[in-house]
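Colleague: I would like to learn how to read a protein structure. Could you walk me through a few features?

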Amino acid sequence: HAGNGHESSKSMLPVLATAAKEPAEVMWSQARLYKGAKIAPALGAVALGLAVRYLVPIPEGIDEQAWSLLALFATMVSGLVLGPLPTGAWAFLGATAGLATHILTFHDMFAAANNTVVWLVVVSFFLAKGFEKTGLGERIANQLLTICGSNTLGLAVGLAAAEAALTPAVASTTSRAAGIFMPVITSVSQAAGSMPGDPSRKKLGAYLTQSQFQASTHSSNLVMTAAAQNLLCLQLATSIGVDIKDPFVTWLSGSCVPATLGAYTDQTAGSGV
């Protein structure tokens, strides 16, 4: 029995050695698969902020705290452009840095959390994502295309009408155009033999894409909730003492005629009618 035990223990040594190596190999493989912050863009964004703060002379009339806030702002904006982290994570780090360095107080940092316009924009983006995920916006577009899609101009007008119909609920031009209508345009164009990256794109796809781009500029101005910047404009007007009663109806009454005429004129001019 002693001999068998000795032999079995010898046979287990390679297994134990392999098991001892596995954690180290796993850790090394995980280190090589690191998917955290992009180091170079992060360092570049931070370096820009530090350069603004310590290398650029502070102009007269601006105190040190205001200049530090500008440096933090430069870091945040450059980080949004370079993308070392997702937007939310980068914003959280910026807020943490501002609080840790006493550039801003906690009250100043989160003052916008009580802003109704900000929350309205956030909720509008949630609704826009819901329209995109559930396919409701695409179904609305397809229904209007069924009604208006007898010719090329009808397709363009139907797409413009569908986007205008979604503007009260989807407060994002990008979500409407890129998330809802571009997939519809791509599928309709390819079904008609108009392929992207090919001379046949001018058959239908290029025209529908251009008309959708032009129509989106008008639909974004049609109603107050059609784009986030509309709500910010109303807030700026209120901050300087402009009293707007029933802003939704007031906005719509002033924009419906020029926005509708502009959208239709763009479609007919583009089609040569």
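This is a predicted model: local features need pLDDT of at least 70, side-chain atom pairs count only at pLDDT 80 or more; totals for chains, interfaces and linings use all residues.

Colleague: How many salt bridges does a search of the whole structure find?

Modeller: The search finds one. Glu 64 pairs with Arg 53, and their closest N and O atoms are 2.6 Å apart. The pair links distant parts of the chain, with Glu 64 in helix H3 and Arg 53 in helix H2, 11 residues apart.

Colleague: Is Arg 53 buried or exposed?

Modeller: A residue counts as buried under 20% relative accessible area and as exposed over 50%. Arg 53 has 14%, so Arg 53 is buried.

Colleague: Now the helix, please. How should I read one?

Modeller: In an α-helix there are 3.6 residues a turn, so residues three or four places apart point the same way. Take helix H11, residues 228-239: its 12 residues reach 17 Å from first C-alpha to last, close to the expected 16 Å.

Colleague: Which residues of H11 are buried?

Modeller: They are Ala 228, Asn 230, Leu 231, Leu 234 and Ala 237. Just after H11, Gly 241 has a positive phi of about 95°.

Colleague: And what volume does the second largest pocket have?

Modeller: Its volume is about 370 Å³. It is lined by 16 residues, and Leu 50, Leu 72, Thr 75, Ala 97 and Ile 103 are the closest to its centre. Helices H2, H3 and H4 each supply at least two lining residues. By type, the lining has 10 nonpolar residues, five polar and one charged.

Definitions and conventions:
Residues are numbered from 1 along each chain as its sequence is written. Side-chain values use heavy atoms; hydrogens and water are left out. On a 1 Å grid over the protein atoms alone, a cavity is a set of points where a 1.4 Å probe fits but cannot get out, and a pocket is an open set with protein on both sides within 12 Å along at least five of seven lines; lining residues have an atom within 4 Å of a point. Grid points are joined across faces, edges and corners, and a volume is the space filled by probe spheres set on the points. Helices (H or I, at least four residues) and strands (E, at least two) are DSSP runs, numbered from the N terminus. Ala, Val, Leu, Ile, Met, Phe, Trp, Tyr, Cys and Pro count as nonpolar, Asp, Glu, Lys and Arg as charged, and the others, Gly among them, as polar. The expected span of a helix is 1.5 Å times one less than its number of residues. Buried means under 20% relative accessible area, exposed over 50%, partly exposed in between (1.4 Å probe, protein chains only). A salt bridge is a side-chain nitrogen of Lys or Arg within 4 Å of a carboxyl oxygen of Asp or Glu.
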